[in-house]
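Hi,

Here is the structure I promised to pass on. My notes on its aromatic rings and on the model's confidence follow below.

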Amino acid sequence: MFETLSDRLTSVFSSLRSKGRLSDADIDATCREIRIALLEADVALPVVKAFVAQVKERARGAEVSQALNPAQQVVKIVNDELITILGGETRRLRYAKTPPSVIMLAGLQGAGKTTLAGKLAKWLRDQGHVPLLVAADLQRPNAVQQLEVMAQRAGVASFAPYAGNGVGDPVDAARQSIEHAKRQQHDIVIIDTAGRLGIDQELMKQAADIRDAVSPDEVLFVVDAMIGQDAVTTAQAFMEGVGFDGVVLTKLDGDARGGAALSVRHITGRPIMFASTGEKLEDFDAFHPDRMASRILDMGDILTLIEQAQKTFDEDQAAKMAGKLTSGENFTLDDFLEQMMMVQKMGPIKNLLGMMPGMGQMRDQLNSIDDRDLDRIAAIIRSMTPGERQDPKMINGSRRARIARGSGVEVSAVNNLVIRFFEAQKMMKRVAGGMGIPGMPGGRGKSAKAAAAAKKGKKGRRVSGDPRKAALGKAAAEEEAAQPKKGGLLGNLGGGAPKLPPGMQLPPGFDPSKLNLPPEK
C-alpha cells in the first residue's frame with residue numbers, strides 16, 4: 001500500500017547521502033519533495049502541513065548541523081515524525097475488571113467489519129481468551145449467516161438471537177449477548193453492528209443506542225484504508241455522532257496510496273490499534289507505529305518477521321532439526337519439505353522478503369516471485385518413494401522420468417531440484433562441521449591447535465641426529481630418573497640440586513634432606 005510513498009521518500013534521501021553538510025536550500029528542497037510525496041499518497045493537507053513544518057524545524061536545528069552524517073540525521077527525523085503521526089506507541093486493548101469485556105465495531109458498510117470481527121476473535125483466542133461474536137447487523141442481507149461462518153472458521157462461539165435480513169432489534173440482541181456471555185463464561189464480547197453506504201442519522205442513532213445499552217470497554221472504528229480522503233470525513237462524522245476509542249485499518253494489502261493511515265490518527269486523535277493485511281483470518285495483528293514507519297522508509301520490519309516465525313515454527317521441531325544439523329546427520333528431502341511447509345505457513349514469500357531492510361529497491365524482483373513454485377517443489381518431493389527421499393543418489397534417469405510424470409513437471413525440474421538439494425546438503429554438512437570457525441564443533445582455530453599440542457605432548461623425548469647430543473640427552477634422562485621423587489613443594493628439594501621457583505632462596509645452612517617428613521601414602 002505504501003509503495004509509492006516509500007519509493008519517493010527513498011529517492012529523496014538517496015540524493016542527500018552524497019552531501020557532507022546540508023544547507024538551507026537542501027533542507028527546503030528535501031521538505032518540498034516530502035510534501036509532494038505525502039500529497040501523492042493521499043494524505044490529508046492539514047497533516048502534510050504539520051508534518052513538513054516539524055521536519056523543517058528539526059532539520060535546521062543543532063541535531064543536524066552538528067551531526068557527523070546530516071543525511072542520516074534527516075532520515076531519523078522523518079522516521080520519528082512518521083511514528084508520531086501514526087500514534088507514537090502501540091495501543092493495547094483495555095479489558096474490563098469484571099468479565100466480560102465488550103468490544104463494539106462501528107463503520108460504514110463495505111469496510112469489512114464482519115470479516116474483521118472473525119479475525120479479531122481468532123487473534124484473541126490465540127492469546128488465551130474465550131471470545132463471543134454477536135450478530136447485531138440485522139439490516140444487510142445474510143450478515144448474520146456470514147458472522148456465524150466467520151465464528152466457525154475462527155473456532156469461537158457466536159450469538160444470533162435474530163435471523164436478520166431486516167428482522168429483529170439490534171439493540172436487544174446486543175443487550176442479550178452480555179447475559180449470554182456471563183452464563184457461558186465468555187470473557188470477551190465482540191459486537192458486529194450495521195453499516196450504511198454513507199453517513200445518515202438512522203445509522204448514528206442505532207450505533208449510539210447499542211453503545212448506551214452495553215457500555216462497551218472499547219469502541220473500534222473500522223475504516224477501509226483504500227478510500228483515501230473519505231476516510232477522514234467518515235472518521236470525523238463517527239467521532240461526533242458515536243465516538244470511538246481506536247481505529248482498525250482494513251485492506252492494507254491493497255494497491256491504494258494509503259494516506260488514510262497517516263491522516264485518521266492525526267485528525268481524530270484516536271490511535272490505530274489493529275491492521276488487516278489480507279483475506280485470511282491470520283492476516284491480522286496489532287498496529288505498531290514504529291514498524292509501519294520503518295516499512296515506509298524501506299528500513300524493514302524484522303520484529304514482525306521474527307514474531308511470525310515464532311508463531312509458525314514449532315519449537316520441538318526446530319530443536320529436533322537443530323540437533324540433527326549439529327550432530328552431522330544427513331539432511332534429507334523429508335527435512336527439506338518440512339522446513340519449506342513451515343516457511344509457507346508464514347505467508348507469501350514476497351511479503352516475508354519485503355520485511356527485510358532495503359528490499360524496496362528490489363520490488364520488481366519480489367513481484368516476480370511465484371509461491372506456486374513451492375507447490376511444484378512439494379509435488380516433486382511427494383512423488384518420490386520414502387527411500388528416494390532418504391537417499392536421492394539412487395534417483396537415476398528412469399526414476400526421474402517417473403517422478404516428473406507423477407508431479408506433472410518436466411524432467412529438467414526434477415534434475416534442478418536434486419542438484420540444488422545436493423548443494424544444500426553439502427552446506428548443511430559444512431555447518432555441522434563448523435565450517436572452519438574457531439570454537440565450532442569440528443572447526444579449525446584454537447581447537448585444532450589444542451589437538452596438535454596434545455598430539456605433540458604424547459610423543460616421547462626427541463632424540464637428536466647428532467650421536468654426541470644423543471648421548472648427552474640419554475645421560476641427563478638417566479640422572480633425572482635416579483633422583484628420588486617426593487610430592488608437594490618440598491618434593492623438589494629432596495635429593496640432587498634443589499630447584500626453587502624464581503626469586504626464592506633457602507636460608508644459609510639449611511639442608512632439606514635432614515627433615516623428618518611423614519612417609520608418602
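Trp-123, Phe-274 and Phe-284 form one aromatic cluster in this predicted model. Rings of Phe, Tyr and Trp (its six-membered ring) count as a pair if their centres lie within 6.5 Å; planes under 30 degrees apart are stacked, over 60 edge-to-face and the rest tilted.

By that rule the structure holds six aromatic pairs. One of them joins Trp-123 and Phe-274: the ring centres are 5.1 Å apart and the planes are at 80°, so this pair is edge-to-face. Trp-123 lies in helix H6 (residues 113-126) and Phe-274 in strand S7 (residues 272-276), so the pair ties together parts that are 151 residues apart in sequence. Helices (H or I, at least four residues) and strands (E, at least two) are DSSP runs, numbered from the N terminus. Both Trp-123 and Phe-274 are buried (under 20% relative accessible area; exposed is over 50%, partly exposed in between, with a 1.4 Å probe and protein chains only).

Phe-421 and Phe-422 form a tilted pair, 6.3 Å centre to centre with 50° between the planes. Phe-421 is buried at 3% relative accessible area, whereas Phe-422 is partly exposed at 22%.

On confidence, the protein averages a pLDDT (the predictor's confidence in each residue, from 0 to 100) of 74, and 65% of the residues score at least 70. Where pLDDT is low, the predicted coordinates should not be read in detail.

Residues are numbered from 1 along each chain as its sequence is written, and side-chain values use heavy atoms, leaving out hydrogens and water. Local features need pLDDT of at least 70 and side-chain atom pairs count only at pLDDT 80 or more, while totals for chains, interfaces and linings use all residues.

Best wishes
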